[in-house]
Amino acid sequence: MPTSRSRRYRSLGTRAVPYAAIAPAAVLFAAFFATPIGFAIYMSLRGVHVKGLGLDPHARVEKWVGTRNYSQALGDSELWHGVLRTLAYGAFLLPVMLGLALLFALLLDSARARLTRFARLAIFLPYAVPVVIASLLWGFLYLPTVSPFQPLFHFLGVPMPDVLSNSTILFSVANVGIWGGTGYNMIVIYTSLTALPADVYEAAKLDGCSEIALAVRVKIPMVAPALVLTGLFSIIATLQVFSEPTTLMPITKTISSTWTPLMKIYNDAFGRNDLYEAAAEAVVVAVMMLVLSFSLLRVVNKRAFGDN
Amino acid sequence: MKSYRRVSAGFAGLTAAALIAGCSSSSSSPSGSSSTAQGSGSAVDLTFWSWVPNMDKIVDVWNASHPGVHVTFSKQAGGDAEAQKVLTSAKAHTMPDIIQAEYQEIPTMVSNNVLADIAKQANAVKGKFTPGIWNLVTLGGDAVYGLPQDSGPMLFFYRKSLFAKYGLAVPKTWDDYAALAAQVKQKAPNAFLGAFPTVDPGEFAGLAQQAGAKWWGTSGSSWSVGLDDATTKKVADFWSGLVQAGRIDAEPAWTPAWNKAMDDGTILSWTAGVWAPGTLSSVAADTKDDWGVAQLPQWDASSVATGNWGGSSMAVTTDSKHKDAAAQFLVWLNTDKAATDLLISQAGVYPADTDAQGRVAAPTFLPSVTDFATIAKTAGDATVPTTWGPDVSTAYAAYNDNVGKAAAGKGSLSDAFVAVQQAVVADMKKAGFTVSGS
C-alpha cells in the first residue's frame with residue numbers, strides 16, 4: 001500500500017514539473033507577445049467618428065468600422081511606395097553587407113592572415129555603436145558644411161558630392177546599415193568557419209587546391225547554413241528599417257516622414273494620432289514579412305539544411 | 001556539480017535582483033524627475049510638463065512660497081514631442097496635471113478631451129491678454145482651455161554688420177525683399193538673404209497669416225479648409241521664385257549645417273517670432289549683439305501686419321485630480337509679477353500678459369536693441385487673427401513631405417500646397433468631420 005501511494009504522488013509531482021517549467025515563458029509570451037498582437041488586430045478593426053466641429057469633449061466616439069482601415073491601408077500608395085523603397089534598399093544592402101561579411105570572414109580564416117584578433121575587433125566595433133549614434137555620425141559626415149571630408153575635397157579642388165540627393169539617398173542610408181551590420185554577420189560566419197573540420201582542408205590541399213579555390217569551392221558551401229541564418233535575420237531586420245532614416249530625416253529634405261513602412265506606421269500612430277489606421281498597416285506589414293520569411297526558409301531549407 | 005549549482009544559483013539571484021531593480025525604477029508614471037525634492041507631506045502634488053528653458057527655477061519659486069501645493073516639473077524635448085506624448089497618454093489616462101500646449105495644438109487637444117475647462121480661475125485675469133490671444137485659448141466659446149503664456153508675433157531679424165558691409169537696406173515690403181535677395185547674390189555669391197522654411201510649417205503659417213490666408217475656419221458645425229487658397233499660393237509663388245532662382249537658401253533649418261550658416265553669415269536674415277533672440281544665443285552664439293530687429297516686410301506698404309509663429313499656453317488636463325490647484329498655479333505662473341519677470345529673464349519668453357510686456361527690456365543676446373519692447377508690442381498688436389483646425393499635425397506633416405519635395409526641385413510650391421490641402425481634407429473627412437466647400 002505505501003509503495004503505490006508514494007508512487008502515485010511522485011508521478012503527479014513529476015507530471016506537473018514540465019508545466020511549471022514553461023509557465024513563466026508561457027505567461028511572458030501571453031503578456032508581451034500574444035496580447036499586444038491581439039490588441040493591435042482589435043484596434044485595426046475600429047475607428048473614430050467625430051460629431052460636428054469635434055471640439056466638444058464627447059465629440060469623438062470610437063466604434064467598429066470593420067475592414068475600412070485595411071482597405072485604406074491596402075489602397076494607400078504612400079505605404080506601397082515605402083515597401084518598394086525598402087525592397088530596393090534591401091536589394092542593395094543585403095548582397096553588399098553579406099558579401100563583405102563573407103569576404104572578411106574568409107580573409108580572417110585564411111592561413112596567412114595577420115593581426116586577426118585586432119582585425120576581428122575592429123570590424124566588429126561598428127556594431128557596438130548604437131544605431132541612432134551611427135546615423136548621426138554619418139549624417140555629419142555626409143553634410144558638406146560640417147563634414148570633415150570637406151577640407152579634403154576643397155584641397156582637391158572639387159565640390160563635395162551631395163550624397164543626400166534623391167538619386168543617392170538610398171545608398172547613403174544603406175551605407176549606415178552596412179557599416180553597422182557587417183561586423184556582426186562576419187562574426188557569425190567566421191565562427192562557423194572555425195568549426196569546420198581541418199581534415200577537409202588537408203584533403204583539398206593534397207588535391208592541389210589554391211587558397212582562393214579552397215575558399216570558394218570548399219569553405220563557402222560548408223558555411224551555407226550560417227549564410228542562410230545571417231541572410232534571413234538580415235532580411236527581417238532590413239525590411240523593418242526605421243532608426244537610420246528617422247535620425248537622418250531632420251537634416252535632409254529627401255527623406256519624408258513616410259519613407260519606409262515602419263516610419264509610416266509610426267507617423268500615423270503618433271504624428272497623426274490615428275492608432276487604428278496604424279494598427280491595420282502594422283498587421284499588413286507583419287503578414288507580408290511572415291509570408292516572405294516562410295517562403296525564403298522553404299526555398300533554402302533543402303539546399304542548406306537538407307541531406308548534410 | 002556543486003560549483004555549477006552555485007554558479008547557476010548566483011546567476012538566478014542576479015537576474016531576480018536586476019528584474020526587481022528594473023521594475024521599481026520604471027518611468028512610466030507621469031511624474032518625472034526634477035531637481036527639487038519630492039513633495040513630502042504636502043497636501044497637493046502636481047506634475048507639470050513643459051519645454052521652456054529654466055522653468056524648473058520658476059517652479060522652485062512657487063514651491064518655496066506655496067507649501068501646500070507642490071509642483072513637480074518634468075522637462076520635455078519640444079512642442080511636437082510633448083504633443084505626441086500627451087495625446088498618447090490621454091488614451092491611457094495617465095496625463096500629468098499641467099501641460100504646455102502650443103496654440104495650434106489646442107483644437108486637436110480639445111477634440112481629444114485632453115484639456116480641462118479652467119474658466120472659473122482664468123476669467124478673473126482675462127483682461128490681461130489681448131482679445132486675439134484670448135480667442136486662441138477659448139476657441140470662441142465660453143470654456144477656457146488654457147492660460148496664454150507667450151506669443152510669437154513675427155519680426156525681421158538681420159545681421160547688422162553684414163548689412164552695413166554690403167550696403168543693404170532693411171526691406172520694407174516683400175518686393176524690396178526680393179530685390180534685396182538678388183542684390184545679396186551679386187555682392188556676396190556665397191551668402192543668402194534668408195532661408196525658406198522647408199521644414200518649418202509654423203514659420204510659413206505665420207507668413208501666410210500675415211498675407212491674410214485663412215487656413216481653417218468654422219461655419220456652424222462644419223469646417224472650411226483653405227490651405228491652397230489664393231493668398232497662400234501668392235506667398236508660395238513668391239518664395240518659389242526666389243528658391244528656384246537660387247537667391248534663397250532651401251536647406252532644412254535646425255540642423256548643424258543651418259546653425260553654422262546662421263553663425264558665419266551665410267544666411268543674413270531670419271523671419272522669426274519675438275522669441276528669436278533666445279534661440280539665436282544657442283544657434284549662432286558668435287553673433288551676439290549683431291542682429292537688428294525690424295517689422296516684417298509688408299505686402300501692403302501702407303499698414304503693418306504680421307503673423308504668429310508658435311507661442312504656447314499652459315493648460316490643465318482632464319486627468320488631473322486637483323484642477324483648481326493646478327489652475328491657481330497657472331494663474332500665478334502667467335500673470336504674477338514675480339513669475340512673469342522670471343519668465344522674461346530666465347526663460348527668454350515674450351509674455352502674453354500685457355502688463356509684463358511693458359517690462360521687457362532689450363534681450364540678453366541683443367543688448368543694443370533697446371526699443372525691443374516697442375517693436376514687439378507693435379508686432380503683437382498687428383498680428384492678424386487666426387483659427388487653427390483639429391488636425392494641424394497632419395497638415396504640418398503633409399507640409400514637410402510635400403513642400404520639402406518641391407524645394408528639392410521636383411515641383412512648384414503652389415502645387416505642393418494643393419497636395420497638402422488634399423491630404424488635410426481627406427484626413428478630416430475620414431475622421432468624420434464635415435468639410436464645407438471641398
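1. The largest cavity has a volume of about 80 Å³. A cavity here is a set of points, on a 1 Å grid over the protein atoms alone, where a 1.4 Å probe fits but cannot get out; grid points are joined across faces, edges and corners, and the volume is the space filled by probe spheres set on the points.

2. On conventions, this is a predicted model in which local features need pLDDT of at least 70 and side-chain atom pairs count only at pLDDT 80 or more, while totals for chains, interfaces and linings use all residues. Residues are numbered from 1 along each chain as its sequence is written, chains are lettered from A and ligands numbered from 1 in the order in which they are written, and side-chain values use heavy atoms, with hydrogens and water left out.

3. The lining of the largest cavity includes Trp215(B), Trp216(B) and Trp388(B), together with Thr386(B), Thr387(B) and Lys214(B); a lining residue has an atom within 4 Å of a point. Helix α9 of chain B (residues 201-211) gives the most to this lining, with 3 residues; helices are DSSP runs (H or I, at least four residues) and strands likewise (E, at least two), numbered from the N terminus. By class, the lining has 6 nonpolar, 3 polar and 1 charged residues.

4. In total, the structure holds 4 cavities of 30 Å³ or more. The second largest cavity contains about 60 Å³ of space, and its lining includes Phe196(B), Pro197(B), Asp200(B), Glu203(B), Glu251(B), Trp258(B) and Trp270(B). This lining divides into 7 nonpolar, 1 polar and 3 charged residues.

5. At the interface, 38 residues of chain B are in contact (heavy atoms within 4.5 Å) with 33 residues of chain A. The area buried between the two chains is about 3000 Å², and carbon and sulfur atoms give 53% of this area; buried area is the accessible area (1.4 Å probe) lost on putting the two parts together, summed over both.

6. The rule finds 3 salt bridges across this interface, a salt bridge being a side-chain nitrogen of Lys or Arg within 4 Å of a carboxyl oxygen of Asp or Glu. Lys430(B) and Glu277(A) meet through their side chains in a salt bridge (3.0 Å, N to O).

7. Which elements of chain B each supply at least two residues to the side that touches chain A? They are α3 (79-92), α4 (106-111), β7 (222-225), α11 (256-264), α17 (392-410) and α18 (413-431). The most comes from α17(B), with 8 residues.

Technical notes: 1 Å grid on protein atoms, 1.4 Å probe; cavity = no way out; pocket = protein on both sides within 12 Å on 5 of 7 lines; lining within 4 Å. Nonpolar A, V, L, I, M, F, W, Y, C, P; charged D, E, K, R; others polar.
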